[in-house]
Amino acid sequence: MDQDIRNVVIVGSGPTGWTSAIYTARAGLKPLLLAGSVEAGGALINTTEVENYPGFPDAILGPDLMEKMQQQAENFGTEVLYEDVTDVDLSGDVKRISTEDGKTFYAYTVILGLGSAYNTLGIPGEAELSGNGVSYCATCDGFFFRDKEIAVVGGGDTAATDALFLTRFATKVYLIHRRDSLRASRIMADRIAKNPKIEVLWNTQAVEVLGENAVTGLRVRNTLDASESSLPLDGVFVAIGHTPRSHLVKDQIETDDHGYIVTHAPSTRTNIPGVFAAGDVVDHWYRQAVTAAGSGCAAALDAQEYLAEHSEQFNRAVTGLAAAQSAIQCVDAAAEANQSGFSTVKRDSRDADVDPDQLTVRLNAPGELATLQTAESIFQALPAGADSRRI
């Protein structure tokens, strides 16, 4: 267990996490970033060329962009651990963050850059050709399909918006929907119907993405008669929504009906003081690398302001933690010397919250509770001969 109370712990990497780390590190806050063991780098790790991130006129690969952001964050002093967070306690002035590796960290502020996951079709060929003709972001990848024939799978506003956007590049856009009417808003449905480049395939379900090294087509099934056919294509855009990765904190943090974390706009503050959220776990509309980075910057600035506003309160918490640790060491010494009469000592992992003027040490004996005015007065509560030199 890491007994130090950190100024800020950032959960999640990607543009949000790395930008938060850069700003808090430059402010001298020595952030700890828990990047995760599998999804470190966020969605951009699985992205090929990124052409719309400012500063890279010749484009940059998604993994390379994430590597550069990480290097910049580490250059300013960010500590990075590739560990998955499994449990958090965000109540109180001091937050607790536990990882799958059994480590526990404490912090005054937590920035949640958890991101969101694209909803996938789960059909053969989809994962294998992701980044090679299968895309989940029309805004990011539409340019690569100039003068191509492509399909958009979905029936909501996102699918309709993507299909309309892609007509700027593609010669033909098939909108594949498993029902006989769109779930999109009326105005979007009307625009789809009026666009000569878009053909809607009603009552149609995608069952397999075709191709070896790149997409060559899509096998589809009619939902009415179960007949199947193949559609020659150069690309498939999946537009069936996103799932925010808020499951870790949804029992503590306010979320909307879709699971996105609610912040007090225009800030990144959540309903819990000292906890800030940014990026795609908040944003259900733009979902771009540059907007994620911008909100990561905002979260870092909000965290800095919060720490400055509560500096006196947090200094008191540090004093309380030191007093509590000294008291527990004294009790440990007495227990080892078999002088206290108690079999074991119950440790309180939230000792950081103990008021130094009202320090409480609980001993594992029926009906026993010693309340000490100061850390030093524990010597009066322990039997004579206890080895107090271990302090």
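Modeller: Contact here means heavy atoms within 4.5 Å, and the model we are discussing is a predicted one.

Biologist: What covers the buried residues of α2?

Modeller: The cover of those buried residues includes α1 (14-26), β3 (49-50), β4 (60-61) and β5 (79-81), and the residues of α2 that are buried are G62, L65, M66, M69, Q70 and A73.

Biologist: How do you know that the buried residues of α2 line one face of the helix?

Modeller: Viewed down the axis of α2, they fall within an arc of 135°, and therefore they line one face. As a general point, an α-helix has 3.6 residues a turn, so residues three or four places apart point the same way.

Biologist: How do you know that the span of helix α2 agrees with its number of residues?

Modeller: Helix α2 (residues 62-75) has 14 residues, which at 1.5 Å a residue should span 20 Å, and because its end C-alpha atoms are 20 Å apart, the two values agree. Just after α2, G77 takes a positive phi of about 110°.

Biologist: Why is R6 called buried?

Modeller: Buried means under 20% relative accessible area, and R6 counts as buried because its relative accessibility is 15%. R6 is found in strand β1, and it touches L32, E79, F105, Y106, A107 and Y108, leaving aside residues up to four places away in sequence.

Biologist: What makes the pairing of the R6 and E79 side chains a polar contact?

Modeller: The cut-off for a pair of N or O atoms is within 3.5 Å, and the R6 and E79 side chains make their polar contact at 2.9 Å.

Technical notes:
Residues are numbered from 1 along each chain as its sequence is written. This is a predicted model: local features need pLDDT of at least 70, side-chain atom pairs count only at pLDDT 80 or more; totals for chains, interfaces and linings use all residues. Side-chain values use heavy atoms; hydrogens and water are left out. Helices (H or I, at least four residues) and strands (E, at least two) are DSSP runs, numbered from the N terminus. The expected span of a helix is 1.5 Å times one less than its number of residues. Buried means under 20% relative accessible area, exposed over 50%, partly exposed in between (1.4 Å probe, protein chains only). The arc is that of the directions from the helix axis to the C-beta atoms. A polar contact is a pair of N or O atoms within 3.5 Å; within protein, one must be able to donate a hydrogen and the other to accept it, and residues adjacent in sequence count only if both atoms are side-chain atoms.
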